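Please keep the structure in view while reading.

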Amino acid sequence: MCSIIGYYGDGSAAPILVRGLKRMEYRGYDSVGVATKDQQEILVKKGVGKVSDVNNMLHLDTLPGHIGIGHTRWATHGNVTDVNAHPHPSSSGKIAIVHNGIIENYSELKADLEKRGYQFKSQTDSEVIANLLQFNFDELLDIKKSMMKTTSQLKGHYAFVAMFESGTLAAAKYHEPLIIGIGKNGYFLSSDVLGFIEKTDDVIYLDNGEFVILDRLGLQIFNFDGNPVKHQVTKVSKEFADVYKGDYAHFTLKEISEQPDTIVRAGESSRDAVSNATEFIRHARNIYITGSGTSYNAALVAKYLWQKYAKIKTEPIISSELFFSPDAIEPNSILIAISQSGESADVLEAVNIAKKSNAKILSIVNILTSSLAQESALVMGMNCGPEIGVAATKSFTAQLSIIYKITEKLCDGCIKLDERKISDAVSRILADHTKIKEIAKELREIKDIYILGRAVHYPIASESALKLKELTYIHAEGIPGGELKHGPLALMDSSVYVIIINPNDHTYSDTLTSAREIKARGAKIIGISDKSSDVYDFWIEIPAIDDAFYPLIEIIPIQLLAYYCAVEKNTDPDYPRNLAKSVTVK
């Protein structure tokens, strides 16, 4: 959940580290810190807050030295405090580390180190790495051997970068992302290519169980047994350099506004994979589809579309739940894994469980070099570019676009996906935000919002509720239309707003009937529809399109509504509290 970065080169380290951390802040923004090596001393500055705020206060980017490490935190162990912020020095101050992940056996390691006289200042599991590495180095007097011994003692999923007083950097990867950037005048170690893409597009993707040493001899890579490892240098797409807001107030609004293009581009780079996936699905005995959050809602849409149009049954599984029922995956099945980052811990664990049943893994992912992509037999790329806003927007419609392309092939063209028509419809919604802004003002003080949808529109109701929760902190709940009288109707009164997802398709009349029942209890109705009705207190008009494709456009006004509600409530839509973009820890 955190971002880590290291730099070893000829340039001034601190400004490079701070700029890289700003670009990776979507991974965590509770606190930030930088450490550099100057002469024979490790200097550390860190504090609570976003990168720009802490840098303005503490001047992180003025630390001297050409070697350094940095970190933005999403808290797992310990409160959000200055002392819990990274980097963490060892007891002696001769080593400092930054860490992403969770050390499962930190309590036992900490107790043992405390008995040996090592002191701990923070509540984090991460500080154990610094002191354990210091203990091993003091005993072995060799960085390579110390890294081997330390990694053999750590349990959990982690990536860390350590800076030694001598000026050497060492880093290890185990089930958390860690990428090497190779520049003309230096090396980078980072959770994400965004950390250094301005400086170089030459990268090495480490495998699990490998560690790196950077010193005067250059770059050395070893496996955890100490054997040298060779890797190919890979060029990454320069599109990842384009992470600026431009004229937009927030990344979230920029990314919502990019959807007329990203819906068209989705899957373009992997058309053969989409065709091959279709063949695998057609001949599979059992098909499972997994994801977390937004990606799970996309899986629910896939279930409905494939059942309705291709007569193919699919079982969606929330990724985090598969651990508790691993026998749910029948041998020799297909698991389709959906993830924007490809680094979600829950999704990767679901993949590992499925592989134990000899399931074939197909993935829908935005980052084609991610851990999920590497674990997959087939990869379908979203191709929607970097998504910095924590709340998924364009990645959701890119996922849906690929699902529709698969659906079209599965049913031999019984639906005709015209991405340009969909793109034009989305552009029409995005052309005028006036009414949505007005509704956002109405919702500023509201405590509860319910979103109602039937059939394929129910997953969109769930996704809408998720967007409102993430961005506005309003309690929001998606409700299947037919379940209204089985409990949720008791919640309806004059203090409640209900969003009705109600395009003019076969669900229209039944959903309108539900809206009238809700309004009779005093609730206010917001209609998302291409057809007006007197039951709506507020009507957000969407264009009329072929019935099958409404999910691709009906989510857009609710993304905008969630965004403008966040602005009205003076919350940061790019960085919602307590959340991070890529959930790389369980």
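In this predicted model, Ile-5 stands opposite Gly-70 in strand E4. The two strands concerned are strand E1, residues 3-9, and strand E4, residues 67-73, which pair in the antiparallel sense over six bridges. Both strands belong to an open sheet of eight strands, whose order is E3-E2-E4-E1-E10-E9-E11-E14 and whose pairing is antiparallel. At the edges of this sheet stand strand E3 (41-48) and strand E14 (234-235); each has a single partner strand, so one side of each is left without a neighbour in the sheet.

Strands E2 and E3 run antiparallel and are joined by eight bridges. Within this pairing, Thr-36 has Leu-43 in E3 as its bridge partner. The two strands form a hairpin with two residues between them, and in this hairpin Gln-39 takes a positive phi near 55°. Helix H2, residues 51-58, lies across strand E2 (31-38), E3 and E4, and the helix runs at about 125° to E3. As a general point for reading any such sheet, the side chains in a regular strand alternate between the two faces of the sheet.

A second sheet may now be considered. Five strands form this open sheet, in the order E16-E15-E17-E18-E19, and here the pairing is parallel. Its edge strands are strand E16 (315-318) and strand E19 (378-381), each of which pairs on one side only. On average, neighbouring strands of the sheet are turned by 20° against each other, direction ignored. Strand E18, residues 360-365, runs parallel to E19 and is joined to E19 by four bridges. Among the residues of this region, Ser-363 stands opposite Val-379 in E19. A helix also accompanies this sheet: helix H8, residues 271-283, lies across strand E15 (287-291), strand E17 (334-339), E18 and E19, and runs at about 130° to E19.

How is the chain divided into domains? The domain assignment gives domain 1 (3-240), domain 2 (244-417) and domain 3 (430-579). The centres of domain 1 and domain 2, taken over C-alpha atoms, are separated by 32 Å. Twelve residues from domain 1 and ten residues from domain 2 take part in the contact. The size of an interface is often given as the accessible area lost when the parts come together. For domain 1 and domain 2, the area buried between them is about 1,000 Å², with 55% of it on carbon and sulfur atoms.

The last step concerns single residues. Ser-126 is placed in the loop between helix H3 (106-115) and helix H4 (127-140). Is Ser-126 buried or exposed? Its relative accessible area is 4%, and because this lies under the 20% cut-off, Ser-126 counts as buried. Leaving aside neighbours within four places in sequence, Ser-126 is in contact with His-86, His-88, Ile-97 and His-99. Two polar contacts of its side chain can be named: one with the side chain of His-86 at 3.4 Å, and another with the side chain of His-99 at 2.6 Å.

Val-567 lies in helix H18, residues 550-568. Its relative accessibility is 38%, and therefore Val-567 counts as partly exposed. Val-567 and Gly-9 are 558 residues apart in sequence, and from C-alpha to C-alpha they are 41 Å apart in space.

Note on methods:
Residues numbered from 1 in each chain as written. Predicted model: local features only at pLDDT ≥ 70, side-chain atom pairs only at ≥ 80, totals over all residues. Heavy atoms only, no water. Buried < 20%, exposed > 50% of the residue type's maximum accessible area, 1.4 Å probe, protein only. Polar contact = N/O pair within 3.5 Å; in protein donor to acceptor, adjacent residues only side chain to side chain. Contact = heavy atoms within 4.5 Å. Pairing = 2+ DSSP bridges. Axes fitted to C-alpha atoms, helices over the stretch in contact; angles between N-to-C directions. Domains from an automatic or database assignment. Buried area = accessible area lost by both parts, 1.4 Å probe.
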